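Thanks for asking me to take a look at this one. Have the sequence and the structure open while you read, and take the points in order.

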Amino acid sequence: MADHDNPQEIAAKFIEKVKASPYVMLGLTNGQHSEPMYVRLDDDQPNTLFIFAGKDNRAAGGGDAMVQFVGKGHDFFACLAGTVSQDNDRAQIDKLWDNAVEAWFPQGKSDPNLALLRFDVSSAELWETDVAISGRIKMLFGGTISPDESSSHAKVDSIA
C-alpha cells in the first residue's frame, strides 16, 4: 500500500460510491455465477450491505459470498468477502424499502417471494483509481507513474 493510502478514507469513499451507484455483483462461493443486485445501506448497521431478493434467488439460501463493485465512473473498484443470510425483520424492510425495490415486487412489502438478504463483510479490498493529473499525462505520453501519482489501494476488515 502506498504512503498516501489511508484505509479508513478509502472505505469511506467506497460507501459514498455505493450510495451514488448502488449496484453490485453478488455470488455465493459455491461455484455459481454472481449476479447483479441493488444494494441498500443502513448507517445504523455498518459493515453490512442489504439486498432485496426473491426467496427463489440463488443467494437466498445464504452462505459464504463475494461482492464485486465498480463505481459509476470506473474510478473505484471493490471486492468484498462475507456471509449472506436472510434478515426478514419487518422494521428493517420498512426502513430500507424504496421505489426501486418496489418495482421488483408486485405485491409490495407483503409479496410472498420477498426476502431481505444481509451481506456481513468480513474483509474487503478497495481500489480508488483516480490517478493524479501528472500520472495521467505520463499514461498518455509515456513515462513511469510514481507512487504518489498512482491510485489508492487498501485491504480492510471493515468498510465502516
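1. The protein has a mean pLDDT of 85, and 79% of its residues come in at 70 or more. The stretch to handle with care is residues 132–136, where the pLDDT is below 50; apart from near neighbours in sequence, this stretch makes 6 contacts in the model. Where pLDDT is low, the predicted coordinates should not be read in detail.

2. Have a look at Arg 40, which sits in strand E2 (residues 35–41). A polar atom of its side chain is 2.7 Å from the backbone oxygen of Leu 96.

3. Is Ile 159 buried or exposed? Ile 159 counts as buried because its relative accessible area is 2%, under the 20% cut-off. You will find Ile 159 in the segment after strand E7 (152–156). Setting aside residues up to four places away in sequence, Ile 159 touches Ala 11, Phe 14, Ile 15, Asn 47, Leu 49, Leu 80, Val 121 and Ala 124.

4. Finally, turn to Pro 7 in helix H1 (residues 7–20). Pro 7 is partly exposed, at 21% relative accessible area. Pro 7 and Ile 159 are 152 residues apart in sequence, yet their C-alpha atoms are 8.9 Å apart in space.

Methods
Residues are numbered from 1 along each chain as its sequence is written. This is a predicted model: local features need pLDDT of at least 70, side-chain atom pairs count only at pLDDT 80 or more; totals for chains, interfaces and linings use all residues. Side-chain values use heavy atoms; hydrogens and water are left out. pLDDT is the predictor's confidence in each residue, from 0 to 100. Contact means heavy atoms within 4.5 Å. Helices (H or I, at least four residues) and strands (E, at least two) are DSSP runs, numbered from the N terminus. A polar contact is a pair of N or O atoms within 3.5 Å; within protein, one must be able to donate a hydrogen and the other to accept it, and residues adjacent in sequence count only if both atoms are side-chain atoms. Buried means under 20% relative accessible area, exposed over 50%, partly exposed in between (1.4 Å probe, protein chains only).
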